[in-house]
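Welcome! Please take a moment to look over the sequence and the 3D view, and then read the short briefing that follows.

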Amino acid sequence: MLCQENTIHYCSWACVVCGVLYLLRQMTTHTPYGRYVDTKSPGMMVPAKTGWFIQELPSFLVPVLLYLTTESLPGIGRHLLLWTFCLHYFQRTFVFSLLTKGRPSPLHIVVSAVVFCSVNGFLQGHHMLHCTQYHSGWHRDTRFITGLLMFFTGMAINIHSDYILRNLRKPGEVSYKIPRGGMFELVSGANFFGEIVEWCGYAVACWSFPAFSFALFTICSIGPRAYHHHRYYLEKFKDYPTSRKAVIPFLL
């Protein structure tokens, strides 16, 4: 498959612009999913497990289909990076979605996520398989090794933090509690911090504009959400640890 350079270029810039616009929007309002969903509002709602499965699936499926149905450039490094990307979305699609105890999401949020994940799945998969040029020893490059260490560290933090959140409440309980343990001792949005570290690590390992644009979008989309959670905890719980930051340990 020939590299669609213009498509990659414009999609990457669109990711950057949309990320910045989304950041600005979230400075004044909450995105209506999770704890900020008004389940009594008009409009179709999608159950949490179904919604997460549907919206995360394209980011896994599109790169896999590209790999199976098109001829890709050779190289150990590029294929390791492709399967690293797919590993995250396999976990989110087939594990996280089945375990989540979250609230239903508005249909338009799920549809928006499906569109983004489809486009980004193509952007990252196509660029990795058909466009980017790595030297034969890229899998031994310092950027590759450092980036993957960051990625798997972030993934471990993300999965562990999700585990803590899932087990905060006993069956039948609906009130929110203070999360404790792991990175939650340092930040209110430990799960978001883990995912940010993941995709920043992936960007370093790939060393490409599409990967960096996705990392920036991730920071712009879930960074403010961690800040909103932080403010929520501080307002709701009088005994909330004031030493915790929102999303970046010791800083922010």
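**Rings, charges and a surface patch**

Tyr22 is partly exposed, with a relative accessible area of 21%; buried means under 20%, exposed over 50%, and partly exposed in between, using a 1.4 Å probe and protein chains only. Please keep in mind that this is a predicted model, where local features need pLDDT of at least 70, side-chain atom pairs count only at pLDDT 80 or more, and totals for chains, interfaces and linings use all residues. Residues are numbered from 1 along each chain as its sequence is written, and side-chain values use heavy atoms, with hydrogens and water left out.

**Aromatic rings**

- A pair of aromatic rings is described by the distance of the centres and the angle of the planes.
- Searching the whole structure gives 25 aromatic pairs (rings of Phe, Tyr and Trp, the last by its six-membered ring, with centres within 6.5 Å; planes under 30 degrees apart count as stacked, over 60 as edge-to-face and the rest as tilted).
- One of these pairs is Tyr22 with Phe217, which is stacked, with 6.4 Å centre to centre and 25° between the planes.
- This pair links distant parts of the chain, 195 residues apart: Tyr22 is in helix α1 (residues 5-26) and Phe217 in helix α7 (residues 209-236). Helices (H or I, at least four residues) and strands (E, at least two) are DSSP runs, numbered from the N terminus.
- Phe217 counts as buried, at 13% relative accessibility.
- Tyr22 and Phe217 also belong to one aromatic cluster, whose members include Phe85, Trp199 and Phe214.

**Salt bridges**

- Side chains of opposite charge can pair when their charged atoms come close.
- How many salt bridges does a search of the whole structure find? There are five, each defined as a side-chain nitrogen of Lys or Arg within 4 Å of a carboxyl oxygen of Asp or Glu.
- Glu56 lies in helix α2 (residues 48-69) and Arg92 in helix α3 (residues 76-99), so the pair ties together parts that are 36 residues apart in sequence.
- Arg92 forms a salt bridge with Asp162 too, where the closest N and O atoms are 3.1 Å apart. Here the link runs from helix α3 to Asp162 in helix α5 (residues 142-166), 70 residues apart.
- Together, Glu56, Arg92 and Asp162 are linked in a network of salt bridges. Glu56 is buried at 7% relative accessibility, Arg92 at 6% and Asp162 at 9%.
- Arg231 and Glu235 meet in a salt bridge as well (3.9 Å, N to O). Arg231 is partly exposed at 41% relative accessibility, whereas Glu235 is exposed at 63%.

**Charges over rings**

- The charged end of Arg92 sits over the ring of Phe96, 4.0 Å from its centre (CZ of Arg, or NZ of Lys, must be within 6 Å of the ring centre and within 35 degrees of the ring normal).
- Arg143 has its charged end over the ring of Trp207, 5.3 Å from the centre.

**Nonpolar surface patch**

- The largest share of the patch, five residues, comes from α1.
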